[in-house]
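Subject: Structure handover

Hello,

Here is the structure I promised you. Please open it alongside this email. My notes follow below.

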Amino acid sequence: MISTTPVGFQLINLFAAILLLLAFAMLAQRRVVSLIDLFVAQGFVLALSTAVVAYTTNQPHLYQSTALTLVLKVALLPWILHRLVRKLDVRWEFEGLINIPTTMLIGIVLVVFSFNLALPISQLASTVTRSTLGIALASIMLSFLMMITRRKAIPQVIGFLSMENGLFFAATSATYGMPMVVELGVALDVLVGMLILGVFFFQIREQFDSLDLAHFENVRDQPPR
Amino acid sequence: MGPNGFGALEGVAAVVATWMAIGVLGLLRPRDLRFVRALFVGGAATALALVAIALVALWQPAQSTTLPLGLPDLPFHLRIDALSALFLAMLGCANAPISLYSSGYFRAGEGTAPGLICFQYHAFLAAMAMVLVADDAYLFMVAWESMALASFFLVTTDHRIPEIRRAGFLYLLIAHVGATAILLCFGVLQGGRGDYTFSGMRSVALAGAWPSAGFFLALFGFGAKAGLLPLHVWLPEAHPAAPSPVSALMSGVMLKTAIYGLLRVTFDLLHLQLWWWGVIALTLGLLTALFGVVFAAVQTDMKRLLAYSSIENIGVIVAAIGLAILFQANAKPLLAGIALTAALYHALNHAFMKSLLFLATGSVLHATRERSLGKLGGLIHKMPWVAACALVGTLAIAGLPPLNGFVSEWLLLQAFLFTPSLPQSFVTMLVPLAAAALVLAVAVAAYVMVKFYGVIFLGRPRESSLANAHDAGRRERAALVVLALGCLFLGLFPVNVIGGIDRVNALLIATTVLPAGHSNWLLLAPIATGRSSYMPLIVFAVIIAVVLITIVAIRRVWHGRLRRANAWDCGYPLQTARMQDTAEGFGQPIRQVFEPFFRMQRHLPSPFDERPRYEVRVSDPFWEGIYVPIARGAERIASVAGLIQHRRIGVYLTVSFLTLIALLFFGR
Amino acid sequence: MTLTGLLLQILQVAIALALAPLLVGWVNQCRASLANKRPPSILLPYRTIHKLFVKDAVVAENASPMFRLAPYVVFGAMCCASAIVPSLATDVPFASAADAIALVGLFALARVFIALAAMDIGTSFGSLGARREMFIGFLAEPALLMVLFTASLISGSTSLPTIVDTLAHRELAIYPSLAFAGVAFTMISLAENARIPIDNPATHLELTMIHEAMILEYSARHLALLEWASALKLFNYSCIGIALFVPFGIAEGASGLGMLAAVPALIAKLAVGGAALALIETVSAKLRLFRAPEFLGAAFLLAVLGMLVNLLLGS
């Protein structure tokens, strides 16, 4: 009665499913603070999954990836985001560009699309967990959708960050991790991006008194006085 | 003459001739009401004869013949095979009660003389029967157009009212757009050979993009008559405008002739089916179903509600056909058979259910002269027979076991669920999503039907004039009871019905759903008993048994005392009939959840209004989005073309002269 | 179908009828204990039902025969459902009479009848309750069907005995699709059985009523039947959940001894389930009515995701 597939691979499948669920939950979430919590959960699941892959395939360098993920995505970035949210006093976001049920519908279509896109690619990969490639691709697509359908700036940034999460998961499931150089580079890019964006947000807030991106559309060149 | 004396085809021709004769007789004494009523009863008896003939023909091999009428080199070809026989049986079964009802329904002084209505009605029936047995394109188009024309006159029976004239015009317009597409489809199907008989078309093997062109022209053309998106706009206008028996006939039978045409072209005349046709038909059908049912939820006119419900059911049928095409193209014959059976069963069910409901609304209309849901209510006390039959129809359309609506829904869900891995992988994943959409449409249909029945028959009367309502006459009651019993029969004995439908499956896709020699008439298990099964008679018997045992047991163990008092209503002292839900109120949750579907204009009162007024107008986005721009474009082109008209003879003569010179010059 | 089969079937329905009020009593006891109150007796629902049967029925003057018939039909539909749900054994004779889809159809039949009966008297409460109940129903029914579809995709059948047999004999592993389906099923049961966060079964405020508003006009034996039917509904939903997600201990094949041996396992699982239900109810707040579509939409989405994950990952 005990399953024949090793526990490790079952766990990876489970984590993949939870990742997809979290991507959908972020799509539907209205409160910005909960968004950041969901992002933390995503980072945590990602770290766990990397650790399990490291254990089952005996690749100790993935433990360093796990540590990096934990430090960056579970601790540092959320702390920066929470600080930003408190300083900018952005708590709620009302309806995005499209209402939530329609977004969910588009999300499901994207999931089906990604699954089908990933099928031939996952035939090429040589890992046992290659079927989770479709899920990783789907969560990247969903994060992109989140970026598109949001009005305020911080959820867009969180969408961008969770895209990177999905990418990382795709890498670990299809190729058992990326070279450390690539990984450090990507992590550094993300960190620098966050810092710059944080500075930008204050500037935007100063100029427009709000982080609602609809205000950008009314910007025109000031005529010379 | 067939080998056994009087063949089925001769029988059908005799029925058609009888109907035409009845119609012409009606013209002789147009205002004699009793004579016309007797004629309608005669028409009903003829319909019963048609049912018998069709059921016999269902089990025989196909027969064809040629009539000496028609064009010189294209006489009328007739053919009756299993598909025609099934639809003829549907026509007869639905029509007999409707004719019986009409004999009690039509009264003098409603715009058209009863005898004229009799003629138009029976011409309509005769044309529909001819469509179903036509075996060449010419006869098909002649019968199709006669059907459209006869029904146009029936729709505009009350032609003194301008809205009804407008509805009739829209109906005729879209019918002609569809007929043009069907004609083009036949043109594609004959494949350049010039042989417009169906047997000729069957032997043509089209290549390249021509089969797809043929299929899509057929889908467009027959979809216009059936009420598929976006050609559905005539349905909610024409059905309320027509008298109720005519609406019943149109919804119950005429829409099914379009389904017949689609099936005939797709599975019989075209020699192959492609999988992506099935996907498009499935998507279009599901969108139509969702759209129809969501709009039905916000209607305040009882006949418009039923019209939108018809759109939903047609959507379900076309979705089932799409699924059958998909499976057939992927060489899964058993599943294609199940999907096709679901489509045909649903068509049969809908003929009964919708006719029943339209006839019930006819009785309500006669008794109360009210069509708006906001002015009805509490009619179960005044019209118990109509209410009881309408309850059966409501439960059936809502898809509840053990009635017939559930059987076709069950079959369709089985076909969806047992989708194997198809070669097109994204279709494999899309099919469960399609099942979700179908289930959603069916759930909203239950909501809509509770609204329909509850607002009309239950509760308190919303107008004091409803106290004068009376129950339907004897003939109307008989017709309603027959239709209700039909719904019950179709629900409790599905295996027997599927035995008949299997003949059509054998004809179209060369498979049968029930295995040969299947003898257990209680159990419906299309794939295997262990996979899925349904025994409606047992479910029905168990529920009835439990109800009876409970009633008796409670009376024995405790008691059955009852007394009447005022309604409790949580102790509120003042209760009027206006405090119930209106039709808009009952549909408001659906309107709120499905807001993107509608175009809504609302007028809310402000706190400072002396006479506060709330108005909400829900309209069809297709009308504003597609039809109005097309109409404006047509008007613009027409006004440009109208510049030619100078009304001076000299100009016209000059133009003719120049044309003559040009032709002589170029035709040298 | 033999005589023993028929008797076993009746035994299963009888046990369901007997245990259902006990389940409701247990849930109420847990709720009271969690709220630091003295819990009522676990046999209170039985006493309530008996008390109601003894009373004279008082019916509004303008009630139609349908109003008086509806409680019996609802009770009949629920009994028929309890005959089909494999609570104690999988091979009962009526199991092939209706599969999972027909089961959902029976629940829908009960819902439609009670909604129509609510509209019959013509008070504002009745139509309000009917409208809200159909609203919740039209969202919950597709979600429930999707959950059952996920289970039937895994087991290759919609017949409940086959589903239970397949799922009981599967390897002990983690199945994400079943996990999603389980969460979705819990959310749907909360909605369909009129529990917090969708409806408050103990409310007296019309703003928060759904189920209570519909049975407002009923009294005596009619009300007793409706209360018993809603207890049966909770029992049936719990048994469906147990059959789909924790099917160990259900007797396979039909034998009287096997069924009676399965009763302790059933009672134990129901006790745990009832306590969990009470915990969820105590911890959650009731949702606004127009948040209910989001709640049920989330359940629907979870079920659809479960199906898609099953198609992709094969587990």
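Leaving aside its neighbours within four places in sequence, which residues is A:M146 in contact with? The answer is A:M26, A:L27, A:P155 and A:G159. Before you go further, note that this is a predicted model. Its scores are ipTM 0.93 and pTM 0.90.

**Chain A**

Let me stay with that methionine for a moment. A:M146 sits in helix 5 of chain A, residues 132-149. Is A:M146 buried or exposed? It is buried, because 26 other C-beta atoms lie within 10 Å and the cut-off for burial is 20 or more. A:Q156 is 10 residues away from A:M146 in sequence. In space, their C-alpha atoms are 6.9 Å apart.

Now the chain as a whole. Chain A has seven helices and zero strands. From the N terminus on, its elements read α-α-α-α-α-α-α. Of its 225 residues, 38% are buried. Take the contacts in chain A between residues at least 6 apart in sequence: 72% of them join residues at least 24 apart.

**Chain B: a hairpin**

Strand 1 of chain B covers residues 63-70, and strand 2 of chain B covers residues 75-80. The two pair in the antiparallel sense, over six bridges. A hairpin of four residues connects strand 1 of chain B to strand 2 of chain B. B:S64 has B:R79 as its bridge partner in strand 2 of chain B. B:T65 stands opposite B:L78 in that strand. As background, side chains in a regular strand alternate between the two faces of the sheet.

**Chain B: a buried leucine**

B:L411 belongs to helix 16 of chain B. How many other C-beta atoms lie within 10 Å of B:L411? There are 28, so B:L411 counts as buried. Beyond its neighbours within four places in sequence, B:L411 is in contact with B:I338, B:T341, B:A342, B:Y345 and B:P526. B:A390 is another matter. B:A390 is 21 residues from B:L411 along the chain, and 25 Å separates their C-alpha atoms.

**Where chains B and C meet**

Chain B puts 66 residues into this contact, and chain C puts in 68 residues. On the chain B side, the elements that give two or more residues are these:

- helix 14 (379-382) and helix 16 (404-417) of chain B
- helix 17 (425-457) and helix 20 (536-557) of chain B
- strand 3 (562-565) and helix 21 (583-593) of chain B

Which of them gives the most? Helix 17 of chain B does, with 15 residues. By residue type, the side of chain B that touches chain C divides into 45 nonpolar, 14 polar and seven charged.

There is also strand pairing between the two chains. Strand 3 of chain B runs parallel to strand 1 of chain C, residues 57-60, and four bridges join them. One pair to look up is B:L562, whose bridge partner in strand 1 of chain C is C:A57.

**Chain C**

Chain C holds 11 helices and one strand. Along the sequence the pattern is α-α-β-α-α-α-α-α-α-α-α-α. Its radius of gyration is 19 Å, close to the 20 Å that the globule rule gives for 315 residues, so chain C is as compact as a globular protein of that length. Along its principal axes, the C-alpha trace of chain C spans about 60 × 45 × 40 Å.

Buried residues account for 64% of the 315 residues in chain C. Among the contacts in chain C with a separation of 6 or more, 81% come from residues 24 or more positions apart.

Have a look at helix 9 of chain C, residues 220-245. Helix 9 of chain C has 26 residues and reaches 38 Å from its first C-alpha to its last. That is close to the 38 Å expected at 1.5 Å a residue. How many of the 26 residues of helix 9 of chain C are buried? The count is 24, so this helix is largely enclosed by the rest of the structure.

On confidence, the mean pLDDT of chain C is 87. In chain C, 97% of the residues reach 70 or more.

Best wishes

Definitions and conventions. Residues numbered from 1 in each chain as written. Chains lettered and ligands numbered in written order. Predicted model: local features only at pLDDT ≥ 70, side-chain atom pairs only at ≥ 80, totals over all residues. Contact = placed C-beta atoms within 7 Å. Nonpolar A, V, L, I, M, F, W, Y, C, P; charged D, E, K, R; others polar. Pairing = 2+ DSSP bridges. Rg over C-alpha atoms; globule rule 2.2 N^0.38 Å. Buried ≥ 20, exposed ≤ 12 C-beta atoms within 10 Å, placed from the backbone. pLDDT = per-residue confidence, 0-100. Expected span 1.5 Å × (residues − 1).
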